[in-house]
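Open the model in your viewer and keep the selection tool at hand.

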Amino acid sequence: MRGLNYVFKKYTGGLRNLKMVYVINNWLNADKLSHNKEIYRCYGLKKSIFAPIGSQVFKGREETPVWTMRDEADRWTPEREAEFVQFSSPLQEKIKHFLEEGFLVLEGFFDEQEVQAMRNELDVRATNLESHTNYTGKKIPDIHLESKVIREKFTENPEILRLLTFLLGKRAIPFQSIGFYEGSEQRAHSDYIHMSTFPDGYLIAAWVALEPCGPENGQLFYYPKSQRLPIIRKYNYDDGINGWSTGKTDYVDYENALEKQLQESDLEKVFWPAQPGDLLIWNAHFVHGGSPIQIKGKSRRSVVSHYFGEGVICYHDITQRPALLRF
Ligand SMILES: O=C(O)CCC(=O)C(=O)O
């Protein structure tokens, strides 16, 4: 089975707009989709767990996104309040900031030794071509699956998981990670077009700097309060979806639509000069990106992990696939 998965990943690039190709991939990964049987039933979704899925399936059923995004009246239920008061008061302030602004920063969350240990994990893979499954050559997808150090210190760090679980309002399940050697130079986007949920909003990300970040090596930028922008879903910009095709899987149209939305808003773009060990946590729909690298080839080692909330429908709107979860 592993062999077939490998062949699929390597050779199906040109066929990836065909829904049938993904159905085959879903069959190959049945063990990572079986949890959906119960979840689909719970949300009244009459669909095979192997079938393509996208935001159009939930059209008209969208509710106000979960409390982490907008629903202020619902934030402080007694249970949540009881858990909230167990965090230190500086962390409580950070949590309030997250609810208003869509993100929080824990400066120096990791000490020098921890940063060095995680950076080594990236460096030892720098010359190992097997790791470079991502075509950019700048990233290692799912580095937490191959690096125990990154998994234990970062992706599955109990302190981080506890905070993310609190912020999500559901148990945070590590879904994927990316180790970066260099800045991504990605245009402004929200992760929600890549990783979506029903009900809305049960995705959260944590990002750690492993060296100083600045204009020279493609520091992150973001737009505080952008989580309140209306969600741009695939059906809002791509009408190429039909019974056979996922529609376009590049997302320039999405980026253009978001850029227009940002220009029409009064949101401010902020560049973040992160220091080694700084941890950034952002909301499902928080707009961010990687700024252009001014000194080409300069490293910007960092790792990001994305987490879904337990028990919701998780899917990739951009490619119309159900998300494969390892528990
Ligand atoms: O690290 C970066 O430059 C961007 C990361 C990012 O956009 C993401 O993980 O969603």
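A polar contact here is a pair of N or O atoms within 3.5 Å; within protein, one must be able to donate a hydrogen and the other to accept it, and residues adjacent in sequence count only if both atoms are side-chain atoms. This is a predicted model, in which local features need pLDDT of at least 70 and side-chain atom pairs count only at pLDDT 80 or more, while totals for chains, interfaces and linings use all residues. Residues are numbered from 1 along each chain as its sequence is written, and side-chain values use heavy atoms, with hydrogens and water left out.

**Stop 1: the ligand**

Select the ligand and Asp191. A polar side-chain atom of Asp191 lies 2.7 Å from an oxygen atom of the ligand. Taken alone the ligand exposes 290 Å², and the protein buries 97% of that (accessible areas come from the Shrake-Rupley method with a 1.4 Å probe; for residues, only the protein chains shown count as cover).

Now widen the selection to the 13 residues around the ligand, of which Ser184, His189, Asp191, Trp207 and Arg300 come nearest. A residue is near a molecule or strand if one of its heavy atoms lies within 4 Å of it. Colour strand E9 (288-290) and strand E10 (302-309): each supplies at least two residues of this shell. Helices (H or I, at least four residues) and strands (E, at least two) are DSSP runs, numbered from the N terminus.

**Stop 2: Phe180**

Arg300 lies over the face of Phe180, at 5.3 Å from the ring centre. A charge sits over a ring if NZ of Lys or CZ of Arg is within 6 Å of the ring centre and within 35 degrees of the ring normal. Phe180 belongs to strand E3 (residues 172-180). Is Phe180 buried or exposed? Its relative accessibility is 6%, so Phe180 counts as buried (buried means under 20% relative accessible area, exposed over 50%, partly exposed in between; 1.4 Å probe, protein chains only).

Leaving aside neighbours within four places in sequence, Phe180 is in contact with residues including Leu122, Lys138, Arg300 and Val304, contact meaning heavy atoms within 4.5 Å. Leu122 is 58 residues from Phe180 in sequence, with 7.8 Å between their C-alpha atoms.

For another charge over a ring, select Lys170 and Tyr202: Lys170 lies 5.0 Å from the ring centre.

**Stop 3: aromatic pairs**

Rings of Phe, Tyr and Trp (its six-membered ring) pair if their centres lie within 6.5 Å; planes under 30 degrees apart count as stacked, over 60 as edge-to-face and the rest as tilted. The count by this rule is 16 aromatic pairs. Select Phe103 and Tyr222, a tilted pair with 4.6 Å centre to centre and 40° between the planes. Phe103 is in strand E1 (residues 103-106) and Tyr222 in strand E6 (residues 220-222), 119 residues apart. Both Phe103 and Tyr222 are buried. Then select Tyr43, Phe58, Phe198 and Tyr315, which form one aromatic cluster.

**Stop 4: Asn26**

Go to helix H2 (residues 19-28) and pick Asn26. Asn26 counts as buried because its relative accessibility is 1%. A polar atom of its side chain lies 2.9 Å from the backbone oxygen of Phe50.

**Last view: the whole protein**

Zoom out to 11 helices and 12 strands. Buried residues make up 54% of the 327 residues.
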